[in-house]
Amino acid sequence: MLKKGDQFPLFELENQNGELITNETIKGKKAVLYFYPRDNTPTCTTEACDFRDNIALFNELNASVYGISGDSKKKHQNFSDKLDLNFDLLVDTDYKLSEAVGVYQLKKSFGKESMGIVRTTFVIDETGQIIDIIEKVKVKTQIDELKQILG
């Protein structure tokens with residue numbers, strides 16, 4: 001698992017519109033990269049809406065927001081359109097980036113074990129260095145936590 005002070009791993013992922021987003025694309029601004037399990041689930045929808053509704057705050061703090069999951073570009077497009085999202089969702093269908101940052105793990109749900117993304121948020125600076133990592137994200141308080149980290 002990565003820790004504060006580490007360089008965020010190199011990546012190239014498509015967004016919901018098929019545009020390539022890389023480390024180079026996001027340099028020069030702080031970035032909030034939040035990993036979430038799946039589009040159109042209740043908690044993931046709440047989380048996406050919280051980011052959408054607070055985008056002005058992130059703009060003021062000179063920070064971009066990116067949601068990342070294993071869902072397809074089409075699913076991301078539908079999710080983004082349905083919720084009128086104002087930030088990019090990145091496609092990690094092969095879970096390469098999720099594995100590289102340590103958030104693709106064995107999870108237990110309703111007594112069943114399966115591999116999936118554990119909700120985790122990375123805050124990186126203008127050079128790609130990790131400022132902070134929020135593990136075991138509490139969606140209800142995440143925006144306030146990020147405000148403190150970025151403020």
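Biologist: Which residues touch the most other members of the largest nonpolar core?
Modeller: This is a predicted model, in which local features need pLDDT of at least 70, side-chain atom pairs count only at pLDDT 80 or more, and totals for chains, interfaces and linings use all residues. Residues are numbered from 1 along each chain as its sequence is written, and side-chain values use heavy atoms, without hydrogens and water. A nonpolar core joins buried Ala, Val, Leu, Ile, Met, Phe, Trp, Tyr and Cys through side-chain atoms within 4.5 Å, where buried means under 20% relative accessible area (1.4 Å probe, protein chains only). The core has 25 residues, and the ones touching the most other members are Y34, F51, F58, V65 and F87.

Biologist: Which elements give two or more residues to this core?
Modeller: Elements are DSSP runs: helices (H or I) of at least four residues, strands (E) of at least two. Those that qualify are β3 (30–35), α2 (42–53), α3 (55–60), β4 (63–69), α4 (73–83) and α6 (139–150).

Biologist: What does F87 touch?
Modeller: Contact means heavy atoms within 4.5 Å. Leaving out residues up to four places away in sequence, F87 touches Q16, Y34, A48, F51, R52, I55, V65 and G67.

Biologist: What share of the protein chain is buried?
Modeller: In soluble globular proteins, nonpolar side chains tend to be buried together. Here, of 151 residues, the buried share is 49%.

How values were computed:
Buried means under 20% relative accessible area, exposed over 50%, partly exposed in between (1.4 Å probe, protein chains only).
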